[in-house]
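Please keep the sequence and the model in view while reading.

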Amino acid sequence: MTINTQTNTLPAPWAMHDQSSRGRRYPEAPHPYRSEYVRDRDRIVHARAFRRLESKTQVFTMRFSDHFRNRLTHTIEVAQIARTVASALGLNAALAEALALVHDIGHPPFGHAGEHKLNELMRAHGSGFNHNLHALRIVEHFEQRYLDFPGLNLTFEVREGIVKHSCDYRALDFPELAEYLLDLRPPLEAQLIDCVDEIAYDTADLDDALEAGLLDVQSLGERVPFFGRAYAEVEKGHSAARDKLKFNEALKRLLNFLATDLIESTQARVADARVSTTEDIRRATERLAGFSREASQVVAELKRFLFSEIYSHPAITEDRDRSVCCLAELFEHYHASSGSMPATYEEAATQSPRAIVVCDYIAGMTDQFLLRQHQQRFGLGDL
């Protein structure tokens with residue numbers, strides 16, 4: 001198969017076409033010059049929750065430097081890769097871009113560590129926390145921008161993709177999600193998001209780790225042979241170049257390999273499954289977007305290296321643990337102290353379990369806002 005290079009057409013019959021959308025929860029007239037998924041993308045970009053991503057941790061907190069990725073810049077990089085891959089596959093690039101832009105909108109402060117701590121705290125109250133499901137609540141309820149409806153009133157496919165882009169849910173376990181066709185696969189545009197997210201953060205985290213002085217390039221080449229070979233090829237042709245530029249070129253080749261593999265592997269799986277419509281994609285026995293075995297091995301090697309050498313580095317874990325401790329202490333304070341949250345949240349706590357409202361309040365905070373609230377309450381530590 002050849003990769004489609006036309007970025008302004010939708011040649012694939014299994015692409016998600018706007019006219020096939022299941023529509024919005026609250027019907028709206030079509031826009032005169034913007035497609036439905038472009039409107040969704042624009043609403044996401046203008047959402048307050050999207051702007052807050054600028055002040056939420058990706059891996060390295062703002063204590064390190066202003067130059068490292070935050071949750072917003074990571075999201076923009078995911079969207080760029082998603083649009084490129086979707087266009088090459090002849091899919092609906094606007095839908096893929098919208099899903100990429102919204103995929104992390106439900107993340108709380110302090111990255112995955114903050115999510116894990118909120119989930120732990122909520123389990124003690126008989127519930128839990130999942131950033132994808134929280135993102136759905138944000139776009140359905142918390143964002144209030146329009147006169148005619150609550151939330152952003154996104155199309156069904158974007159809301160479905162928020163829920164299902166990274167995992168499948170059983171209707172028996174999540175009856176509140178029944179409307180999202182839990183017995184079916186999401187469209188290919190949604191299936192791509194987890195993979196392009198992987199490409200974006202694996203390569204970006206290596207880049208930021210080098211900038212932070214935490215990355216041993218030789219060790220990376222030994223542990224991830226694809227990168228080692230790429231770096232050796234660059235070194236052979238550009239031995240006099242700056243080390244950082246040689247690293248950048250090797251990293252670019254790694255990213256290109258993974259993106260190209262995702263395109264070609266997904267094409268091959270679609271062909272093998274003999275699908276011809278979006279409905280065929282939904283009814284496939286397995287997800288059809290994904291890496292080849294070779295690329296999956298490279299991804300696994302990257303993840304093992306990042307977890308053992310970067311994410312567990314004391315320079316990251318000590319800062320992260322202090323921040324997450326502040327999150328937990330604030331949670332317990334708000335939960336135990338009536339009147340400790342803003343009036344709108346205190347009012348919401350009269351209608352819903354207080355733990356859920358506290359969780360919503362904290363999940364919406366930026367890193368620095370949470371740390372300021374902690375310092376004002378407890379008066380300990382530096383911001």
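A polar contact is a pair of N or O atoms within 3.5 Å; within protein, one of the two must be able to donate a hydrogen and the other to accept it, and residues adjacent in sequence count only if both atoms are side-chain atoms. The model is predicted, with local features needing pLDDT of at least 70 and side-chain atom pairs counting only at pLDDT 80 or more, while totals for chains, interfaces and linings use all residues. Residues are numbered from 1 along each chain as its sequence is written, and side-chain values use heavy atoms, with hydrogens and water left out.

Helices here are DSSP runs of H or I with at least four residues, numbered from the N terminus. Helix H16 (residues 354–363) is mostly covered, since 9 of its 10 residues are buried, where buried means under 20% relative accessible area, exposed over 50% and partly exposed in between, with a 1.4 Å probe and protein chains only. Among these buried residues are Arg354, Val357, Cys359 and Tyr361, and the buried residues of H16 pack against helix H5 (111–123), helix H6 (131–142), helix H14 (314–336), helix H15 (343–348) and helix H17 (367–378).

Asp360 lies in helix H16 and is buried, with a relative accessible area of 10%. What does the side chain of Asp360 make a polar contact with? The partner is the side chain of Arg137, at 2.7 Å. If residues up to four places away in sequence are not counted, Asp360 touches His134, Arg137, Phe142 and Tyr345, a contact being heavy atoms within 4.5 Å.

Two packed helices are described by the angle between their axes and the distance between the axes. The axes are lines fitted to C-alpha atoms, for helices over the stretch in contact, and the angles run from 0 to 180 degrees between N-to-C directions.

| Helix pair | Axes come within | Crossing angle, roughly |
|---|---|---|
| H4 (residues 93–102) and H7 (residues 156–164) | 10 Å | 45 degrees |
| H3 and H8 (residues 188–211) | 9 Å | 130 degrees |

Angles under 35 degrees count as roughly parallel, over 145 as roughly antiparallel, 65 to 115 as roughly perpendicular and the rest as oblique. The angle between H4 and H7 makes H4 oblique to H7, and H4 passes H7 in a right-handed crossing, meaning that the near helix is turned clockwise from the far one by less than a right angle. On H4 the contact is made by Leu95, Ala98, Leu99 and Val102, and on H7 by Glu157, Val158, Gly161 and Ile162.

H3 and H8 are likewise oblique to each other, and the crossing of H3 and H8 is right-handed. Residues of H3 including His74, Val78 and Ile81 meet residues of H8 including Val196, Asp197, Ala200 and Tyr201.

His74 is found in helix H3 (residues 71–88) and is buried, with a relative accessible area of 2%. Leaving aside neighbours within four places in sequence, His74 is in contact with Gln58, Arg69, His103, Asp104, Asp197, Ala200 and Tyr201.

Leu306 lies in helix H13 (residues 293–311) and is buried, with a relative accessible area of 0%. Leu306 and Phe227 are 79 residues apart in sequence and 13 Å apart in space, C-alpha to C-alpha.

Terms used: Helix = DSSP H or I, 4+ residues; strand = E, 2+ residues; numbered from the N terminus.
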